[in-house]
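Hi there,

Here is the structure I promised to pass on to you. Have a look at it first, and then read my notes below with the model open beside them.

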Protein chains: 2
Amino acid sequence: MNKTSAVFYHAGCPVCLDAESAITRYLDPTTINLEVVHLGTAKNRLPEAEAAGVKSVPALVVGGQTLHLNFGAALSALK
Amino acid sequence: MNKTSAVFYHAGCPVCLDAESAITRYLDPTTINLEVVHLGTAKNRLPEAEAAGVKSVPALVVGGQTLHLNFGAALSALK
């Protein structure tokens, strides 16, 4: 079975780190290839996150869905 | 290893169903015991959700963390 690619976008904020620890602990590694992207440092990934519908971080994009996990920072604050 | 208990709270809304499909597909079944609770019908579970810090649905409570996934409905709207 091909794994599903998932991207977890964050910005290093406390809310982001809490969500990241849950995501990295509990997502199924046998079905998910997880990439973690820090949008505060990797600003070149902002357009891609926006295109996926990410409005704030932390957010997880997986299988065509964009899930905002709590609220750390608006994407516009990272530009 | 003991599995971690997780509860996914929802209210049958479209945003809830989208989040549920991601959660149930991608959480690791070898580490997580997932319970799905519909707060619109199981109103007796509202106090427990509130106590866990759930402010809106859909939300996932896992390992002591409460993650709100996007926004479907405020908990107060379900009472």
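**The helix of chain B, and what follows from there**

In chain B, the residues of α1(B) that count as buried are C16(B), A19(B), A22(B), I23(B) and Y26(B). Looking down the axis of α1(B), these buried residues fall within an arc of 130°, so they line one face of the helix. Please keep in mind throughout that this is a predicted model.

The other face of α1(B), turned away from the buried side, carries the exposed residues P14(B), S21(B) and T24(B). What covers the buried residues? The cover on α1(B) includes β1 (4-10), β3 and β4 of chain B, and also β2, β3 and β4 of chain A. As for its length, helix α1 (residues 14-26) of chain B has 13 residues, which at 1.5 Å a residue should span 18 Å; the end C-alpha atoms are 19 Å apart, which agrees.

**The helix of chain A**

You can follow the helix of chain A in the same way. The helix α1(A) has 13 residues and reaches 19 Å from its first C-alpha to its last, close to the 18 Å expected at 1.5 Å a residue. Its buried residues are C16(A), A19(A), A22(A), I23(A) and Y26(A). They cover an arc of only 130° around the axis, and this puts them on the same side of α1(A). On the face turned away from that buried side you will find the exposed residues P14(A), S21(A) and T24(A). The buried residues of α1(A) pack against β1, β3 and β4 of chain A, and against β2 (32-38), β3 (56-62) and β4 (65-74) of chain B.

**How the two chains meet**

Which residues make up the contact? Chain A gives 16 residues to it and chain B gives 17 residues. On the side of chain A that touches chain B, the elements giving two or more residues are α1 (14-26) and β4 (65-74) of chain A. The largest share of that side, five residues, comes from β4(A). Sorted by class, the side of chain A that touches chain B has nine nonpolar, five polar and two charged residues.

Now for the symmetry. Two copies of a chain are related by a rotation about an axis and a shift along it. Here, chain A is superposed on chain B by a rotation of 180° with 0.0 Å of shift along its axis, and the RMSD is 0.0 Å. That is the relation of a two-fold axis. The same surface serves both copies, as 100% of the contact residues of chain A recur in chain B.

**The strands of chain A**

Strand β1 (residues 4-10) of chain A pairs with β3(A) in the antiparallel sense, over four bridges. In β3(A), A59(A) stands opposite Y9(A).

β3(A) also runs antiparallel to β4(A), and six bridges join the two strands. S56(A) stands opposite A74(A), a residue of β4(A). β3(A) and β4(A) form a hairpin with two residues between them, and G63(A) in the turn has a positive phi of about 55°.

**Two residues to look up**

L34(A) is partly exposed, with 19 other C-beta atoms within 10 Å. Leaving aside its neighbours within four places in sequence, L34(A) is in contact with A6(A), F8(A), T24(A) and L27(A). L34(A) and L78(A) are 44 residues apart in sequence, and their C-alpha atoms are 22 Å apart in space.

The other pick is P47(B), which sits in helix α2 (residues 46-51) of chain B. P47(B) is exposed, with 9 other C-beta atoms within 10 Å. From P47(B) to D28(B) there are 19 residues in sequence and 27 Å in space, C-alpha to C-alpha.

Best wishes, and enjoy the model!

Notes
Residues numbered from 1 in each chain as written. Chains lettered and ligands numbered in written order. Predicted model: local features only at pLDDT ≥ 70, side-chain atom pairs only at ≥ 80, totals over all residues. Contact = placed C-beta atoms within 7 Å. Nonpolar A, V, L, I, M, F, W, Y, C, P; charged D, E, K, R; others polar. Least-squares fit on C-alpha atoms with pLDDT ≥ 70 in both. Pairing = 2+ DSSP bridges. Expected span 1.5 Å × (residues − 1). Buried ≥ 20, exposed ≤ 12 C-beta atoms within 10 Å, placed from the backbone. Arc of directions from axis to C-beta.
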